[in-house]
Amino acid sequence: MPDLLLYDYWRSSAAFRVRLALAWKGLDWQRVPIDLRHGEQSTAAYRALNPQGLVPLLVNDGQPMAQSLAIMEYLDEVHPSPPLLPVEPLARAKVRAAAQMVACDIHPINNLRVLRYLKDPLGHDQATIDTWARHWIEAGLTALEAFAAQEGGACLWGDMVTIADFCLLPQLYNARRVAADLSRSPRLVAIESRLLLRPEISRAHPDHDPDRTGG
Ligand SMILES: N[C@@H](CCC(=O)N[C@@H](CS)C(=O)NCC(=O)O)C(=O)O
């Protein structure tokens, strides 16, 4: 049995980031499915492992680790080849900034628990909630498009595949789920298309997930 266990939901964009990093590093891992639609993230057993009640959670040799950015950087430190961050400090800061534009400023305000809270108890209807999600995703991706115009090439940062790309791909998947307008993000969509040509990246995508279900 592999040493790495990933508590994962096929459609979770934060977990998708970690699946991409695992695939990129060629690591063997095993999934523990946590069905977010059925509330499995909130059971006492899961919260004992991850008090936040969120996926992903990576367990390595019995040690649980939460937060996708921290997990990707951990994997990069323990398995440095192929790298997911450049070496030079300024370049590392730029890559982390792009990753955080997604992971800290777009994703958290469109997360399942946030959207559910807008519905109940705040009482917003689904159309309003979708408008909220689209607004913040489009605003965030417009800023990331500007980053790509300055720093990007085949990837978000030059031609190197980094943690920033592994935040971008899940965010674009998520954007399409709420029909966000991607017409102002042509560079981001082109980067995604190029990266999805790589089989190891494509295999980590929810559309190709063997556990894919309707929910
Ligand atoms: N900052 C966390 C975010 C994790 C997160 O929000 N995960 C979502 C799925 S993408 C989740 O578990 N949501 C469950 C819920 O909202 O109840 C990370 O990067 O790992």
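Residues are numbered from 1 along each chain in the order in which its sequence is written. Because the model is predicted, local features need a pLDDT of at least 70 and side-chain atom pairs count only at pLDDT 80 or more, whereas totals for chains, interfaces and linings use all residues.

The protein is divided into domain 1 (4–82) and domain 2 (89–200), with bounds that come from an automatic or database domain assignment. The centres of the two domains, taken over C-alpha atoms, are separated by 19 Å. Across the boundary, 12 residues of domain 1 are in contact with 14 residues of domain 2, where contact requires that the C-beta atoms of two residues, placed from the backbone, lie within 7 Å. On the side of domain 1 that touches domain 2, α1 and α3 each supply at least two residues, and α1 gives the most, with eight residues. Helices are DSSP runs of H or I with at least four residues, numbered from the N terminus. The residues on this side of domain 1 divide into nine nonpolar, two polar and one charged; Ala, Val, Leu, Ile, Met, Phe, Trp, Tyr, Cys and Pro count as nonpolar, Asp, Glu, Lys and Arg as charged, and the others, Gly among them, as polar.

The ligand is surrounded by 15 residues, of which S12, L54, S68, L112 and R113 are the closest; a residue is near a molecule if its C-beta atom, placed from the backbone, lies within 6 Å of it. Two or more residues of this shell come from each of α1 (13–24), α3 (68–78) and α5 (112–119). By class, the shell holds eight nonpolar, six polar and one charged residues.

Two packed helices are described by the angle between their axes and the distance between the axes. The axes of α1 and α7 (residues 163–177) come within 8 Å and cross at roughly 140°, the axes being lines fitted to C-alpha atoms over the stretch in contact and the angles running from 0 to 180 degrees between N-to-C directions. The contact involves S13, F16, R17, L20 and A21 of α1, together with F166, C167, L169, P170, Q171, Y173 and N174 of α7. The axes of α5 and α6 (residues 126–151) come within 9 Å and cross at roughly 140°. Here L115, L118 and K119 in α5 meet I129, W132 and A133 in α6.
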